[in-house]
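Welcome, and please keep the model open beside you as you read. This briefing goes through sheets, helix packing and a few backbone details.

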Amino acid sequence: MTKRIEVGLLGATGAVGRCLVDLLSEHPWFRLSEVGGSPESAGRSLADAMAAAESAPPLSLGDEVGGLVLKRGDEDWGSPLILSAVPGALAGPLEADFARRGHLVVSNASAHRMDPQVPLIIPEINPDHLGLVEAQSDRWPGAVVTNPNCSVVGLALALAPLQAAFGIESVMVTTFQSTSGAGRVGPDAAEFADNVVPYIAGEEEKIAREPQKILGELVDGKVEPADFRVSAQAHRVPVAHGHLLAVSAKLRRAASPEDVAGSLASFESAESERLHSAPPRPIQVMEDESRPQPKLDRDREGGMIVSVGRVRSCEVLDVKFSVLVHNLVRGAAGAALLNAELCHAAGLTARSPVV
């Protein structure tokens, strides 16, 4: 791939957006050429807007990228590929508008994840779900592709090899989620110090329903969700980055902890060879009983892998283990970038916006 694709980035000044700016800085396939932020920041340079928001700029924010002028969503955008790091309710109508204008939108937001015609993708698990894009052709000339919730990325990657080898009947998961998942870093996260908040709005619902779509089968242009239940409890903890999950699973076929650990450790995907940002192995199984830990393990392979540890028998279900995912990288920006690479490899970035 000799020609770099022009990329636009919505929500460029937020935590996920800043991470995407950094990941795109020297990407061999993509060139960041357009950026957008809040309506109030339109017309300012990316560097100035980040400084005004007291946001830590990406390490590689050079003059060219820093000088990009923030645009409004309703302006003309020329990039065929749009990465969306727009938060919450704002994302739905904005991403749909870009798709109606012929752009391929790769979104980190939750707005379109459960839309039957929109693929919810982790490339190492369900790249074939990209076939759902074809079903969107009667709605708009562009398309929308999504990545999962930041905790679900870790959960689904850990469940995928177990579903394939043993089948899954039910899952119980408790998450311990970092403050950066709430957009709070440094002094802004002070309210979480010496505290744990046992509620994150909307989080448990996402964790309970997204894995089944990801691990489902694409049949006749529709995803048949995987047939297992998920019970989730979400907590905000005083950790800067990295979501830790305590998982228990009931399997459909008997398996020892050694069988489960072996299945996790041997998991690999063909996408790891053809996608630039995909790690050689997306799952690392750790033998130390005190691992994984966010501070020690979240940045492994640039934050793009999921670490699993403490695989053992469960007294109530069948097996239990811990999962760690870097919420800003593999759980958000890196997940969107991988999906963009998958779309590019499939030829979907060749479309042109409607002018």
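**Helix packing: α5 with α6**

Helix α5 (residues 150-165) and helix α6 (residues 203-214) have axes that come within 9 Å and cross at roughly 40 degrees. Please bear in mind that this is a predicted model.

- The crossing in which α5 passes α6 is right-handed.
- On the α5 side, the contact is made by Cys150, Ser151, Val152, Leu155 and Ala156. They meet Glu203, Lys206, Ile207, Glu210, Pro211 and Ile214 of α6.
- Sorted by class, this contact of α5 with α6 has seven nonpolar, one polar and three charged residues.

**Helix packing: α1 with α10**

- Here the axes of α1 and helix α10 (residues 329-345) are 9 Å apart, and the helices pack at an angle of about 50 degrees.
- That angle makes α1 oblique to α10.
- The handedness of the crossing of α1 and α10 is right-handed.
- From α1, the residues in contact are Val16, Cys19, Leu20, Leu23 and Leu24. Their counterparts in α10 are Val329, Ala332, Ala333, Gly334 and Leu337.
- By class, the contact of α1 with α10 counts nine nonpolar residues, one polar residue and no charged residues.

**The parallel sheet**

- In what order do the six strands of the open sheet with parallel pairing run? The order is β3-β2-β1-β4-β5-β6.
- Strands β3 (70-71) and β6 (143-146) stand at the edges with a single partner strand each, so one side of each is left without a neighbour in the sheet.
- Strand β5 (residues 104-107) runs parallel to β6, and four bridges join the two.
- Val105 can be found opposite Val144 in β6.
- Helix α1 (residues 15-24) lies across β1 (5-10), β2 (30-36) and β4 (81-84). Its direction is at about 165 degrees to β1.
- Helix α4 (residues 88-100) lies across β1, β4, β5 and β6. The angle of α4 to β5 is about 155 degrees.

**The mixed sheet**

- Another open sheet of six strands has mixed pairing, and its order is β10-β7-β11-β14-β13-β12.
- Its edge strands are β10 (229-236) and β12, each of which pairs on one side only.
- On average, neighbouring strands of this sheet are turned by 20 degrees against each other, with direction ignored.
- Strands β7 and β10 run parallel and are joined by eight bridges.
- Within that pairing, Thr175 has Ala234 in β10 as its bridge partner.
- Helix α6 packs on this sheet and touches β7 and β10. The direction of α6 makes about 145 degrees with that of β10.
- Strand β7 (residues 168-177) is also joined to strand β11 (residues 243-251) by eight bridges, and these two run antiparallel.
- Thr175 has a bridge partner in β11 too, namely Leu245.
- Strand β11 in turn runs antiparallel to strand β14 (residues 319-325), with seven bridges joining them.
- Ser248 stands opposite Lys320 in β14.

**Backbone details**

- Where does the chain have a cis peptide bond? Such a bond joins Arg291 and Pro292, with omega at about 5 degrees.
- Pro292 has its place in the loop between β12 (283-286) and α9 (294-297).
- Asp220 is a residue other than glycine with a positive phi, near 50 degrees.
- The loop between β8 (217-219) and β9 (222-224) holds Asp220.
- Is Asp220 buried or exposed? Asp220 is exposed, as its relative accessible area is 77%.
- Arg310, also a residue other than glycine, has a positive phi near 55 degrees.
- Arg310 has its place in strand β13 (residues 306-313).
- With 37% relative accessibility, Arg310 counts as partly exposed.

Definitions and conventions
Residues are numbered from 1 along each chain as its sequence is written. This is a predicted model: local features need pLDDT of at least 70, side-chain atom pairs count only at pLDDT 80 or more; totals for chains, interfaces and linings use all residues. Side-chain values use heavy atoms; hydrogens and water are left out. Axes are lines fitted to C-alpha atoms, for helices over the stretch in contact, and angles run from 0 to 180 degrees between N-to-C directions. A crossing is left-handed if the near helix is turned anticlockwise from the far one by less than a right angle, and right-handed if clockwise. Contact means heavy atoms within 4.5 Å. Ala, Val, Leu, Ile, Met, Phe, Trp, Tyr, Cys and Pro count as nonpolar, Asp, Glu, Lys and Arg as charged, and the others, Gly among them, as polar. Two strands pair if DSSP finds at least two bridges between them. Angles under 35 degrees count as roughly parallel, over 145 as roughly antiparallel, 65 to 115 as roughly perpendicular and the rest as oblique. Buried means under 20% relative accessible area, exposed over 50%, partly exposed in between (1.4 Å probe, protein chains only).
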